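User: Hello! I am new to reading protein structures. Could you walk me through some features step by step?

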There are 2 protein chains.
Amino acid sequence: MKKSIAIDMDGVIADVEQQFVDWYHRDYGVLLTKEDLVGKSDDTLFPEAGLARKMVLSPNFFRTLKVMDGAVEALQKLNEKYEVYIVSAAMEFPLSLGEKLAWLNEHFPFISWRNIIFCGDKSIINTDYMIDDHLRNLDNFKGKTIMFHAFHNVSYSNHVRVNNWNEVLALFDKEA
Amino acid sequence: MKKSIAIDMDGVIADVEQQFVDWYHRDYGVLLTKEDLVGKSDDTLFPEAGLARKMVLSPNFFRTLKVMDGAVEALQKLNEKYEVYIVSAAMEFPLSLGEKLAWLNEHFPFISWRNIIFCGDKSIINTDYMIDDHLRNLDNFKGKTIMFHAFHNVSYSNHVRVNNWNEVLALFDKEA
């Protein structure tokens, strides 16, 4: 039986950081870089309190995210040898459900609806591997954890860290 | 730590059979009973081929389902002693996602978004118990399985069967 991988969406296959930078530029005329966001949390991301949360609650935020560099090619490759599941904590943002599914169907049409999970808490997800950027998801996971680099997780080192999808593929090459 | 229960929606807390009966009466003027459906599958439910599938793909089918008798009271009770998760194979019907979430929020407001999972295949769900009406979900489950009676599962006996929510509560009384 193929081993299974649970792969997060936001910040892992969908480039949320870039969307924050782009929308802030569009709405406030200030061009931040991804480096400016390092070490911040969703609450401290912008000088304007609550702005990041307001953005993620806006229509089209999730539908128009850029695909993370290399994610399509990497998932196609992983999908040949592993049972790949997309697991997103989408329930927090109810309006995002339809947008996220449409986004997946557009960019990752090779992922079957059978392998898509929208949830809240990820503690009941049981796969062999989990690739995620959030400590709260990785810390309670029973399988092997892989922490995808994100502005909000730079100070943590209790999971194997990958900085991009090439590093994920290199890691799985060693697992095989 | 509380033990966890994965509870299905359609046919378990949401009365899909009654909706089929009601809509068939509304659209074809023929009043079937739930007994008429016993032993049928979704494909053979009505003389008109594909009608059941056409119904579940119609707007409002999932939003207007009746709550299964006793389900609200039973889940409130179970929710006190167990970690209750609602796990629905909603991805097969993309339009149902928003309807199902709105339905849950209306009828089961005490279930947090953290405990709601919309998925395809349920094989990666890891809870202590699963209450479901579909063999394909129960057969691959690693914890204790409870098969909720439905027209399409009457001929199977490889899982503990319950006929209604009172029987579920009686079962968990014995587990405690």
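User: Where in chain B does B:Asn60 lie?

Analyst: Let's start with the ground rules: this is a predicted model, where local features need pLDDT of at least 70, side-chain atom pairs count only at pLDDT 80 or more, and totals for chains, interfaces and linings use all residues. Residues are numbered from 1 along each chain as its sequence is written, chains are lettered from A and ligands numbered from 1 in the order in which they are written, and side-chain values use heavy atoms, with hydrogens and water left out. Helices (H or I, at least four residues) and strands (E, at least two) are DSSP runs, numbered from the N terminus. Here, B:Asn60 sits in the loop between α3 (51-56) and β3 (66-67) of chain B. Its phi is positive, about 80°, although B:Asn60 is not a glycine.

User: Is A:Asp8 buried or exposed?

Analyst: Buried means under 20% relative accessible area, exposed over 50%, and partly exposed in between (1.4 Å probe, protein chains only). With a relative accessible area of 6%, A:Asp8 is buried. By contrast, B:Asn60 is partly exposed at 41%.

User: Which residues does UniProt place under "active site"?

Analyst: UniProt positions are given in the numbering used here, feature names are shortened, and annotations may be inferred rather than shown by experiment. The unreviewed UniProt entry places "active site" at A:Asp8 and A:Asp10. A:Asp10 is in the loop between β1 and β2 of chain A, and A:Asp8 is in the loop between β1 (4-7) and β2 (14-15) of that chain.

User: With which side chain does the side chain of A:Asp8 make a polar contact?

Analyst: A polar contact is a pair of N or O atoms within 3.5 Å; within protein, one must be able to donate a hydrogen and the other to accept it, and residues adjacent in sequence count only if both atoms are side-chain atoms. For A:Asp8, the partner is the side chain of A:Lys122, at 3.0 Å.

User: How many residues of chain B are in contact with chain A?

Analyst: Contact means heavy atoms within 4.5 Å. By that rule, 21 residues of chain B touch 21 residues of chain A. Across this interface there are 11 residue pairs in polar contact, both at pLDDT 80 or more. The rule finds zero salt bridges between chain B and chain A, a salt bridge being a side-chain nitrogen of Lys or Arg within 4 Å of a carboxyl oxygen of Asp or Glu.
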